[in-house]
Amino acid sequence: MKTLYLFYGFGCEYVLHDLFQAMENDYECLEIDVLTIPNSKKIINQLIGKSVVFVTSAHFLLDQSNFFNYYPNYYPNKNTFYGPLEIIALLKPIKSVYIPHDLTQPFIQYEDKFLNQFDLFLSPCEPYTSAYSLICPTAEVGWVKYHQLATTIKPRNKVIWFLSDFTLHVKMGKEKSYEINAPLLTQGVSLKFPVWNSADEFTQYYRMQGVDVYDPRVISYNLIKAHDIIITNGLSSIVAESYLIGKTTVNIMENSHYGADGLQILQTNYPELQIYTTIQDVKINNILPTNQPCVLHPFDLPLTIKLITAK
Amino acid sequence: MSSLKTNLYHFVKPYYRRIINKLVSDFQINERNHALAVANVNIKNLHNKIGFLQSQQNNLLSLVQATNALSGGLYTGITEVIPNQMLAETYEIIQLLSGMVEPATSAVTWLSQIPSSEIKNSSIILVGVSNPLYQTELFKKGAKKITTISFTPVLHSPSKSGSKYTLHPADLDKLTLPIHDILLASDPSVASLLIKHQLFNLGSFITSGAYFSLNVTSSSLKSRQQYFKSELRGSTLIYTDALARKLIHDSGFVEVITQNGSAIKKSHFNYIKGLTITKNTYPAHKSGVKSILYRATKLPIL
């Protein structure tokens, strides 16, 4: 029986498209982003009894009943879909592989207790590779979102702020948003908004106020590499990316969301992270440079394919 | 006569006031003395009571220190829904360290509740069982591998001999095991201790499911409400069915099922919404406590 490679996820949690594209010419592959298919349950049900290798980047405790509660910024739709654990229960894959989409929080609460349902955890870097090796076979393949060739950027400032929790700023309006952020930006800090609705409009407005703003679509990894100090806010994955690349990383709590235990996770996993309560507190000249090694490496596509297809 | 009266009046009158005053004064003194005597007695009683309470307090302090030493500092996860958790766990630890061997008939009866299909070719973790008949019976039913966890009162000295681990309950969170299929906890004291601490992360090493025996109130079996409560009755911790399920779900299991004949109750774990009762055919019970077998599965049952 021929093996089908099923690549599965939900919206922002689906980061396997490049892997799918790299494999689809040589292997029988099926890609499902449940938010783009009205009834993916029907497709999955047709795979029962088949030889399936299941590869997912989605949080495996999320499913149709709780996904839109977990991501309230998504507009709920009427798509019907299974969660990853439901797929494992239903299809009994010959192999199940987990590649995390979130570097800051690869596992949400309770998920580590279910990691043993997978046959392989493809870790982005340490400490995750070693930390979970007792529960599930692990292999380090680099960070899945870093698979583009790094292009050198000549920075205009030494410091850049990757602003997140952007929906809050959309709600308050661009004028108010700039007023709140100006005390930091006027210290010679560049800015990048996330790729989101209204990001271009905000980019234009901030540029008119004299702020150096990068296009939202510029690859974050390249910007991190180019700057000395990285400013973040909230529970953004940029925190982990910047920290693990070895950059001096700052996190601002004002106008940010951390969930139930996000702040504690940041403090525990990233002890050198410099956390400030308000924007006013941040004085660029007083930020202490840190000296961590770079442990984050580009995604190793050939190795990943080799591990997924191994018998 | 009237002159006698008059003379008597004039003779007695000066002394009358003195006599009355003396009487009153004596009365007041007596009253005062009496009150003082009573107060003295009360003060003595109070002193005695304070002394008694102080000695009780010292006893309690010793007890707390003893229970702390016994439990090895387990109380890092005190939950609001379990009042007297410290005392309850002390009783549980005393029970599982007691060395009392479960009757053979009980062991066989308990195991008979587990489907043979779950045991055959499975690797099993047995926690806190006292009768070696468990291993014999499980191997007879086709178990592939059995790892036993037994308990010792000595802290920080876990030992391993073949597939048998011996350790203090407070050292459970330091245990690293190979992956197993199922976990069995037949003793309610053991099961109660485990679920209150999310299995001490043993859930990460179990791939299929677990079976727990727990003492729950009969009336809570019928309820669909999320009534999370426990009560220490004597030396036994009694749960509501909802709390027992919640703690089992939090230990890393998506489905929890109980069954008694045709009566069946299922709950499902939702990451955002907590536990939801998906099926309940239990009849109403008014009162009483039952020892219930909870079956927990890692994966959803579709």
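Tutor: Let us begin with chain B, which has eight helices and 12 strands. The radius of gyration of chain B is 33 Å, well over the 19 Å that the globule rule gives for 302 residues, so chain B is more spread out than a compact globule. Please keep in mind throughout that this is a predicted model.

Student: What are the dimensions of the box that the C-alpha atoms of chain B fill?

Tutor: Taken along the principal axes, that box is roughly 125 × 45 × 40 Å. The accessible surface of chain B comes to about 16,200 Å², and 57% of that surface belongs to carbon and sulfur atoms. Buried residues make up 41% of the 302 residues.

Student: What makes chain A as compact as a globular protein of its length?

Tutor: Chain A has 12 helices and 12 strands. Its radius of gyration is 20 Å, which is close to the 19 Å that the globule rule gives for 311 residues, and therefore chain A is as compact as a globular protein of that length. The C-alpha atoms of chain A fill a box of roughly 65 × 40 × 35 Å along the principal axes, and 57% of the 311 residues are buried.

Student: Which share of the contacts in each chain joins residues that are 24 or more positions apart?

Tutor: In chain A, such residues account for 67% of the contacts with a separation of 6 or more. In chain B, among contacts between residues at least 6 apart in sequence, 60% join residues at least 24 apart.

Student: How are the charges of the two chains placed?

Tutor: Chain A has 23 positive and 29 negative side chains, and the centres of these two sets lie 4 Å apart. Chain B has 31 positive and 16 negative charges, whose mean positions are 9 Å apart.

Student: Why is Asn181(A) called buried?

Tutor: The word buried applies under 20% relative accessible area. Asn181(A) has a relative accessible area of 1%, so Asn181(A) is buried. Asn181(A) is found in helix 7 (residues 174-185) of chain A, and, not counting residues up to four places away in sequence, Asn181(A) touches Trp161(A), Leu163(A), His169(A), Tyr206(A) and Ile279(A).

Student: Why is Asn215(B), with a relative accessible area of 17%, also called buried?

Tutor: The value of 17% for Asn215(B) is under the 20% cut-off, and therefore Asn215(B) counts as buried. Asn215(B) has its place in strand 6 (residues 206-217) of chain B. Leaving aside neighbours within four places in sequence, the residues in contact with Asn215(B) include Pro188(B), Thr236(B), Tyr239(B) and Lys290(B).

Student: Why is Arg233(B) called partly exposed?

Tutor: Partly exposed covers values between the 20% limit for buried and the 50% limit for exposed. Arg233(B) has 39% relative accessibility, so Arg233(B) counts as partly exposed. Arg233(B) lies in strand 7 (residues 230-233) of chain B, and, apart from neighbours within four places in sequence, Arg233(B) is in contact with Thr217(B), Ile238(B) and Val289(B).

Student: How do you know that the side chains of Arg233(B) and Glu231(B) make a polar contact?

Tutor: A polar contact requires a pair of N or O atoms within 3.5 Å. The side chains of Arg233(B) and Glu231(B) make their polar contact at 3.3 Å, which is within that limit.

Student: What makes helix 10 of chain A largely enclosed by the rest of the structure?

Tutor: Nine of the nine residues of helix 10 (residues 237-245) are buried, so this helix is largely enclosed. Its buried residues pack against strand 7 (159-162), helix 9 (220-226), strand 10 (229-233), strand 11 (248-252) and helix 11 (262-269) of chain A.

Student: Which residue caps the N-terminal end of helix 10 of chain A?

Tutor: The cap is Ser236(A), which has a side-chain oxygen 3.0 Å from the backbone nitrogen of Ile238(A). Helix 10 is followed by Gly246(A), whose phi is positive, near 105 degrees.

Student: Why is helix 6 of chain B also described as largely enclosed?

Tutor: Eight of the nine residues of helix 6 (residues 188-196) are buried, so helix 6 is largely enclosed by the rest of the structure. Asp187(B) caps the N-terminal end of helix 6, with a side-chain oxygen 2.9 Å from the backbone nitrogen of Ser189(B).

Terms used: Residues numbered from 1 in each chain as written. Chains lettered and ligands numbered in written order. Predicted model: local features only at pLDDT ≥ 70, side-chain atom pairs only at ≥ 80, totals over all residues. Heavy atoms only, no water. Helix = DSSP H or I, 4+ residues; strand = E, 2+ residues; numbered from the N terminus. Rg over C-alpha atoms; globule rule 2.2 N^0.38 Å. Buried < 20%, exposed > 50% of the residue type's maximum accessible area, 1.4 Å probe, protein only. Contact = heavy atoms within 4.5 Å. Lys, Arg positive; Asp, Glu negative; His and termini not counted. Charge placed at Lys NZ, Arg CZ, Asp CG, Glu CD. Polar contact = N/O pair within 3.5 Å; in protein donor to acceptor, adjacent residues only side chain to side chain. Areas by Shrake-Rupley, 256 points an atom, 1.4 Å probe, with all protein chains shown as cover.
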